[in-house]
Amino acid sequence: MAPQLDAYFSQVDSLSEHFINRLREAVAIPSVSAEDERRPDVVKMGEWLGSQLKSLGAEVELRPLGKQPGKEHLDLPPVVLARYGRDAKKRTILVYGHYDVQPALPEDGWATDPFKLTVDDKGRMYGRGSTDDKGPVLGWVNAIEAHQKAGIDFPVNLLMCFEGMEEYGSEGLDDLIEAEAKKYFADADAVCISDNYWLGTEKPCLTYGLRGCIYYSIEVSGPGQDLHSGVFGGTAHEPMTDLVKLMGTLVDVDGTIRVPGLNELVAPLTDKEKALYKDIAFTMDNLYESLGSTTGIHADKERTLMGRWRFPSLSLHGVEGAFSAPGAKTVIPAKVIGKFSIRIVPDMEIDEVNKLVIKYLDEQFAKLGSKNSYKTVVQHAGKWWVASPAHWNFTAAGKAVERVWGVKPDLTREGGSIPVTLTFEQATGKNVLLLPMGSSTDAAHSINEKLDRRNYVEGIKLLGAYLHYVAEEPMVEQ
Ligand SMILES: [Zn+2]
């Protein structure tokens, strides 16, 4: 039976100005995690969030995470852990969000004060953190309040984990999640994260996959110092020549990765998966618009989305130590470091990929017959994540989206990574759902970040509706 939600929805509507004011208060606290001098504001934001939750009757703990690695004078901001409801008969849902924000300076080109929520006549609410991730975090808080004011029983026990260092590598969070998996988070039946975006602007989505990323550098060195080509050109093996040749062997202009064996690691495309792509609200024009050009590799949307989400890609990023300034300097760099990364997908295991990549580059270097020194180094590696969109956590969210927005959500993946997703899945062993509130045009990390009023208000309804559906969805995969 579909949950009774009308009273909740109308309560959200009548509280919408109050909820916007709550977001305004949050945006006004410049909780920029990357700037040391803003750290007190990040802490203040965590405390403010904790007090909002407390005033609604949640049990709240501000967990200290100790000192910031490499900056021992600086305390990390606390993780806000909270619990709302302790009813053994109800399911328990764990939600994650972050209360810190990206840096924002008016002189970067903001049209409004980034720390003053400014609503324009189209209902676009501008302000740093509006969509990433204060709006969604407050969505959970607002859902609790609207239930109380409407006199509706809260459908689940809600566990909350809100961190203050997400925009700075989530320092300290993995350890906390692992330590609390069997303690604070022990009751969780499923996990929901609202910290990504719709694929477009009109159709909501549920996200079930993310690519991983392995970042490499290739170091080539020879001469003891930089040389002049007029003196040494034609007499010495040049590191830059070796490096350009090596980097040129990695990938073709159509994106094909040339490392033997790599493509064989990729999970084959099944008919069932392929069918998910057909109805997704995305066009080649959407791609061209976001690219700012028509230089796409593939002719159709399905292959383009697969290229972004479910196939690996290899990108060349730069060369450290190379001459990159304007002009015509005749230098021969003594040491150059080429940077590239591979976005990895199921079933590519990090160790296997590394083995293939390093073996291939070692062979390519040997073929050059150069006397220079060379090595390939793995800088960092993060695994991909994919969940089953047939899990009850997803089917419940799908019903909530249909109820609130009147359409079936797109089932999407993302080409980038949100590392905490995999951490929650591995630590708790539970299904993780990404349920976004904002849309593709929200400019999360850019100037003029915004959240549409409609996405915020309907998003509060959606988060609440999701909790009702997930409370009663049969716990089976369909
Ligand atoms: Zn975020």
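**Domains and the core between them**

Mentor: Let's start with the spacing: the centres of domain 1 and domain 2, taken over C-alpha atoms, are separated by 39 Å. The contact between them takes 4 residues from domain 1 and 5 residues from domain 2. Keep in mind as we go that this is a predicted model.

Now trace the two parts along the chain. Domain 1 covers 6-210 + 385-472, while domain 2 covers 212-266 + 311-382. So each domain is written as two stretches of the chain.

Next, the core. The largest nonpolar core has 114 residues, and the members touching the most others are Ile93, Val191, Leu433 and Tyr466. Helix 14 (residues 453-472) gives the largest share of this core, 10 residues. Because domain 1 and domain 2 both give residues to this core, it lies between them.

Zoom in on Val191 for a moment. Leaving out residues up to four places away in sequence, Val191 touches Leu94, Tyr96, Phe424, Thr428, Lys430, Asn431, Val432 and Leu433. Spot Leu433 in that list; Leu433 is also one of the core members that touch the most others.

That kind of reach along the sequence shows up in the chain's contacts too. Among contacts with a separation of 6 or more, 80% are between residues 24 or more positions apart. Buried residues, meanwhile, make up 43% of the 478 residues.

Strand 6 pairs with strand 7 (residues 124-126) over 2 bridges in the antiparallel sense, and Val119 stands opposite Met125 in strand 7.

Finally, step back to the whole chain, with its 14 helices and 20 strands. The C-alpha trace spans about 85 × 55 × 45 Å along its principal axes. For 478 residues, a compact globule would have a radius of gyration near 23 Å, and the chain has 25 Å, which agrees.

Terms used
Residues numbered from 1 in each chain as written. Predicted model: local features only at pLDDT ≥ 70, side-chain atom pairs only at ≥ 80, totals over all residues. Core = buried A, V, L, I, M, F, W, Y, C linked by C-beta atoms within 7 Å. Buried ≥ 20, exposed ≤ 12 C-beta atoms within 10 Å, placed from the backbone. Helix = DSSP H or I, 4+ residues; strand = E, 2+ residues; numbered from the N terminus. Contact = placed C-beta atoms within 7 Å. Rg over C-alpha atoms; globule rule 2.2 N^0.38 Å. Pairing = 2+ DSSP bridges.
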